[in-house]
Amino acid sequence: MWEAKPYRGTPTLLNTPLAFVYIHHTYEPGQPCLTFAQCAADMRSMQRFHQDDRGWDDIGYNFVVGADGYLYEGRGWTWQGAHTKGHNAVGYGVSFIGDYTSQLPPAHALDLMRDHFLQCAVGAGYLLPGYTIYGHRQLGQTTCPGDALFHEIQTWKGFQEV
């Protein structure tokens, strides 16, 4: 629905169910998108950046959470992402659109991820029931997913310190 460009190349399939979820924020675009039209435009912009500037096959994330209340499919449940170097084959990369260094995503976006997406993933057999959540910063040299969002996810079921 967000008018994605086709995947370039041949995707690497994931061996599901996976054990990890890695939380990101987009940083750029920095503002949360509040409408479907803006979130879809942000998704196309990220895909264009990942494919054209970085030379990747597709948008790097498996899923993206918009402040409009929708969850956007990037590489989805079965295709390996390009989101957390060295860990893409064993976990899903989920990003929130916006810069969450000093503020949190809207409560309904957090609820969508924490209370619905994770349960859906487990129920559908794509994520192990004993899954582990990490913030991107725990596995790489980055401040992602921003200080505010990182502190929030530390309270979620499945969050682990490295």
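## Strand pairing around E4

In this predicted model, Phe-63 stands opposite Val-94 in strand E4, where strands are DSSP runs of E with at least two residues and helices are runs of H or I with at least four, numbered from the N terminus. Strand E2 (residues 63-65) runs parallel to E4 and is joined to it by 3 bridges; two strands pair if DSSP finds at least two bridges between them. Strand E1 (residues 18-25) is also parallel to E4, with 6 bridges joining the two. Tyr-92 in E4 is the bridge partner of Val-21.

## Burial of E4

Because 6 of the 6 residues of E4 (residues 91-96) are buried, this strand is largely enclosed by the rest of the structure. Buried means under 20% relative accessible area, with a 1.4 Å probe and protein chains only. Gly-91, Gly-93 and Ser-95 point one way from E4, while Tyr-92, Val-94 and Phe-96 point the other way.

## Nonpolar cores

A nonpolar core is a set of buried Ala, Val, Leu, Ile, Met, Phe, Trp, Tyr and Cys residues joined through side-chain atoms within 4.5 Å. In the largest, of 26 residues, Ile-23, Phe-96, Met-113 and Ile-133 touch the most other members. E1, E2, E4, helix H2 (107-123), strand E5 (127-135) and helix H3 (147-153) each supply at least two residues of this core. H2 contributes the largest share, 7 residues. A second, separate core of 11 residues includes Trp-2, Met-43, Tyr-72 and Ile-97.

## Basis of the values

Residues are numbered from 1 along each chain as its sequence is written, and side-chain values use heavy atoms, leaving out hydrogens and water. Local features need pLDDT of at least 70, side-chain atom pairs count only at pLDDT 80 or more, and totals for chains, interfaces and linings use all residues.

Methods: Buried < 20%, exposed > 50% of the residue type's maximum accessible area, 1.4 Å probe, protein only.
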